[in-house]
Amino acid sequence: MKISHFCWGPELKRAVNFLAIYGMVMSVLGAMGSVFLFILPMLFGITDLAGIYTGATVLLLVKFGWFVFSFKLHQKNTAEDFAGVKKIIKIGSYIIGSVQAGFFALLLIFGIIFITFGPGYNIMGYIMMPLGGFFLVFPSLLLDGIRRKHSGKVKAWIIFKFVILGLVLAMCMVKLFIAGQVLSTFIQLIMFTLGFMYCSGMVIVHYNMLLDDENVLESALENFSNKGHYLDNQKKNKDDPLAYTQTV
């Protein structure tokens, strides 16, 4: 099976191997960053330890879970367990959609709160509420598409991500040439591209799996229909001796 839609057509095993290794490498780097946060107060004499240690602990747990997920994916892929790979890719796509949906739902909720209960924050609320509501549509489509095995809804999310990529690239070019913020723009662009490659890559692989399942189902139905027509013709020939004789 080749990943030919929204991709250059690598084999499934190669694409999954990239996602697994990428996830393990990035999770290890993230875990190293969380360990650095633990020793940061000792290096710089920071007294506010609760917030830093809480953030470092949460980050370490997330990176550990990501490493376990990627390691399991690599194991299934190496063993050529297609069913296992398919299940893990589906879980990964679910996680990506759920995190995005949760973030935009919070943005929508806080926008409503600012409008209702926050005098002086109305402008911020009127910005956050429509943005959260609009962007919430696409991860919701992704989650529903995964649950219902509806490739069209998953495709809508992928197209939306490419549109966002184009907008981010355009904004980075504006900051680079007008504001002259070379280093910060370059770092932001790298971080966004790395996240885009993994999240979109995971969902694109799942999308191609859905299309493959749909093609298999269509072929099975077509074969069943052809077999049904053949049996009907055989029955008609037996019921009509003259037609049967002519056929023979």
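## Ground rules

This is a predicted model, where local features need pLDDT of at least 70, side-chain atom pairs count only at pLDDT 80 or more, and totals for chains, interfaces and linings use all residues. Residues are numbered from 1 along each chain as its sequence is written, and side-chain values use heavy atoms, with hydrogens and water left out.

Asp144 sits in helix H4 (residues 122–148); helices are DSSP runs of H or I, at least four residues, numbered from the N terminus. Asp144 is buried, at 17% relative accessible area (buried is under 20%, exposed over 50%, partly exposed in between, with a 1.4 Å probe and protein chains only).

Arg147 and Asp144 form a salt bridge at 3.1 Å, N to O (a side-chain nitrogen of Lys or Arg within 4 Å of a carboxyl oxygen of Asp or Glu). The two are three residues apart in helix H4, so about one helical turn separates them. Arg147 itself is exposed, at 52%.

Asp144 also forms a salt bridge with Lys153, at 2.3 Å, N to O. Lys153 is partly exposed, with a relative accessible area of 22%. Through shared partners, salt bridges join Asp144, Arg147, Arg148 and Lys153 into one network.

By the salt-bridge rule, the count comes to six. One of them pairs the side chains of Lys86 and Asp213 at 2.4 Å, N to O. That pair ties together distant parts of the chain: Lys86 is in helix H3 (residues 82–117) and Asp213 in helix H6 (residues 182–239), 127 residues apart. Lys86 is partly exposed at 27% relative accessibility, and Asp213 is partly exposed at 26%.
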